Amino acid sequence: MSILSGLSKIFKSESERLMKKLNPVVEEILNLEKELQNLSDSELKNKSLDLKQKILNEIQIAENNLQLKKPNHKVHNSDAKINFQNQSLILRQEILNLNLPLAFALVREAANRSLGMKHYAVQLVGGIILHRGQIAEMRTGEGKTLVATLPAYLNALTGQGVHIVTVNDYLSKRDAVWMGKIYDMLGLTVGILNHQSSFLYDREAIISEQEKVKDDKEVKEEGAFKIENEFLKKVSRREAYQADIVYGTNNEFGFDYLRDNLVYSTEQLVQREHIFAIVDEVDSILIDESRTPLIISNESAESDELYKRFAKFAQKLIEDEDYSKDEKQKAISLKAAGIEKAEQEFNLPNFYAAENVKLIHHLETAVRAKALFLAEKSYVVKDIPQEHGSARKEVIIVDEFTGRMQPGRRWSDGLHQAIEAKENVPIQKESKTIASITFQNYFRFYKKLAGMSGTAKTSEEEFYKVYGLPVTTIPCHQINQRNDQSDAIFQTEKGKLQALTKKIKELNVKGQPVLIGTISIQKNEMVSKYLERENIPHNILNAKNHEREGEIIAMAGKKSAVTIATNMAGRGVDIKLGGPNASQKEREEVNNLGGLCVIGTERHEARRIDNQLRGRSGRQGDNGVTQFYVSLEDDLMRIFGSEGIKSMMHKFGLPEDMPIESKIVSRALEGAQEKIESFYFDARKHTLQYDDVLNHQRKSIYERRRKILISQSEDLQNIFTEILQEIYLIKPDLENFVSEKISEYSPEIFFQVLKNIYLQIIDQYFMAHLEHMDYIRSSVNLRAYGQRDPLVEYKKEGLITYKAMLEKIKLDFYDFILKIDLVMQNLQTQKIMQASHLKNQIKNQSTNSATKSLTNNSNNSSENFANNLENKESPSQNNLLRRTEESKKIGRNDPCPCQSGKKVKKCSCLEFEFLRK
Ligand code: ADP
Ligand code: MG
């Protein structure tokens, strides 16, 4: 105990020291208030625009000075060049630091005028920490949405977009519309990225009735209930990214990045550079969600029959007799009896023979689906309405942390299909990765990254090691009145629920609102049954009504409200005492009753999530109580508790619903949590270590691709001259041929066509490479048995394959140049290839595992490509090039493939100029 109180003293003095250190800056900002107050609205805006101009000038001057020292541009990728970039970044940061006080004061004044909220001193400190590229830990309800406006505004003054990342579409819309007033008043623009739509904040936008109805529906589905849609103007994704400040979810930013690396014309690129991102609820995004990489994939043909047969067969197997399961590792292993049954069933003498790799995989997946993935817990089966009015059943993943449904996400490795077969719902086609990235690697692109959350400190190590982000705790604005009570421990789950019901009844009679947190939706319903028996009216959040998540959570502070939800439900939604629109009197009444009482029904796997739940109560100096009710039968104790604790279960001679206070049990619980936290940390590190190998290759390929994509005329010729030089070394005959063709077709057309060919060759090979890497990844794991480190093997083989791919690209390119006459004749096909683009066929996906099953990997793609150009039926499995088959020829009066919206003959794009000749 003495250590703990000692620690809290250190923390206290640490945040005191921080406040003291930053006090001069805070004072400076506060002192500017008087001066700014006297300005009219338009004078305020001018002041802001002047500041922007001043900053731009200062950057210009600083960079010119630097330019004088800049290395000559012919030096490629040298340290000098990187150093130049770093220096220019440091200079920008220094310029911003000097202008910080006025910028923050302007934001504070605009916030006061437009929203009636003035940033508190602690919020200014939070803003400074974010601007420094760190994580600000500020408790729930401290007003982080408002804090983010400070660094967002300041950094956007450089003209390079700032990204604010939120956990869901609803919050990005809410925050942008809410905070949009401030930026708008200061003359900056705000963009919003939602799943299928994007907007600009626009004070004057009027949404048509028709769209409003649609949006309202959208809003409902997103769990929102109060977004002022009239301030939003629908725009293209690209326009939204041009805004000074862009609000969107991690998924949208990540997928846009991947999609940008699959386009065939510059007009289709949507993102600008990755300069500065502020990640809200940073632990949720950079830790919880980062176990699952983003994947863009398309369908491959795999028969449904196998899944169905194996699902049926798995049902016949008996746990512990035919197979055993390991809940910790989410793994199963087949026993001899089970394998024998399989051999009989499928009439195979030796199931584990090498040629049965695919069948083994099917079998194991079917058994995993049966033994470890339970309906209503890991997933739900839901009717999804289809366009023509009918409905189709789908298996939807339930996020284990939030209890929220994850429509659109699918488990990889055929697991999702196996579960579909088990549930007897239509089996969706297996998909093939064509681009992927982990959140860790996406967010590391940003030159500066910052984050905020109420719960970051317990994951400090991971933030620092993975992202280089230090965590700073910012003191609260009001003294915290929350009373966190120690755990009530019960021997059995039943006893716990009985005592819980009794407690809720007491509180409900008194009128004090209660929020009951559970670890899964399944548990929500269990608690609900107990309350029903006692006739306690309550609201329940489950996977089926999650659309109303925000609404249900926002109401949790009303007098007498009883709400059951998962621990993380409605993260980011404000719980006001008395309800969202309560009067001062109503608010005080609830406050006097003791404020919001939060009861956790189980400790979560991560301490962070428990703290998140506690944080629902006692916002901004409100009263509040929190306590966890746990039992020795909880999963956490059952799976991770030590044997010693379990045997204690018998030793207590107390009634079931009588709580015990046990330091040993409390400590065991925390020990278990720490164990699991580090287990998951390792798992994420593992995912990342593997992705790092690929990341290097991806960066290099995508950089090369982008450079070629955006280059025109002379630049383009220079790039290709370099590439061709390399090929001449191995194929000297090519040089004459190329000169001939250049004079035959003109350099402009010749290189434009090379560009189109080259981009497609890169994509072809890189996608095949991705698959191959998946394959290597699963095979190195098998090799781990041979005492070799799988990661080292993966790196080694990955590099060999990558180099081989680069060679193949060269040779393939050579083949195509020789066939250039044919290509020219088939230009029509080509154009359509670009026009039909990947868009319609690609599905976004995020899967739960980075490994994939053994899949066929086509390395004869050069042949396929040629076949396609000749418009023959391709024998390959590759859908990418087959897409052209659906397209038709383009005429002068058709819309231009570059998607400018103009007719081909009227369009001015360079990309498709040859169509006009
Ligand atoms: P957090 O994200 O930190 O949990 P929110 O941004 O949702 O907090 O804000 C919580 C509440 O605090 C909101 O209702 C907001 O209006 C209020 N609030 C925040 N900052 C201020 C301020 N400076 N003055 C008045 N109200 C504020
Ligand atoms: Mg928030």
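This is a predicted model: local features need pLDDT of at least 70, side-chain atom pairs count only at pLDDT 80 or more; totals for chains, interfaces and linings use all residues.
**View 1. Asp487 and Arg603 form a salt bridge.** The closest N and O atoms of the two residues are 3.0 Å apart. The pair links distant parts of the chain, 116 residues apart. Asp487 sits in the loop between strand E16 (481–484) and strand E17 (488–490). Arg603 sits in the loop between strand E21 (596–600) and helix H22 (607–614). Both Asp487 and Arg603 are buried.

**View 2. Glu677 and Arg607 meet in a salt bridge.** Their side chains come to 2.6 Å, N to O. Glu677 belongs to helix H25 (residues 663–710) and Arg607 to helix H22, so the pair ties together parts that are 70 residues apart in sequence. Glu677 has a relative accessibility of 17%, so this residue counts as buried, the cut-off being under 20%. Arg607 is partly exposed, with a relative accessible area of 23%.

**View 3. Glu807 and Lys810 pair within helix H29.** The salt bridge between Glu807 and Lys810 has its closest N and O atoms 3.3 Å apart. Helix H29 spans residues 790–818. The two residues are three apart in this helix, so about one helical turn separates Glu807 from Lys810. Glu807 has a relative accessible area of 38% and is partly exposed.

**View 4. Shared partners join salt bridges into one network.** For the model, the count comes to 50 salt bridges.

Definitions and conventions: Residues are numbered from 1 along each chain as its sequence is written. Chains are lettered from A and ligands numbered from 1 in the order in which they are written. Side-chain values use heavy atoms; hydrogens and water are left out. A salt bridge is a side-chain nitrogen of Lys or Arg within 4 Å of a carboxyl oxygen of Asp or Glu. Helices (H or I, at least four residues) and strands (E, at least two) are DSSP runs, numbered from the N terminus. Buried means under 20% relative accessible area, exposed over 50%, partly exposed in between (1.4 Å probe, protein chains only).
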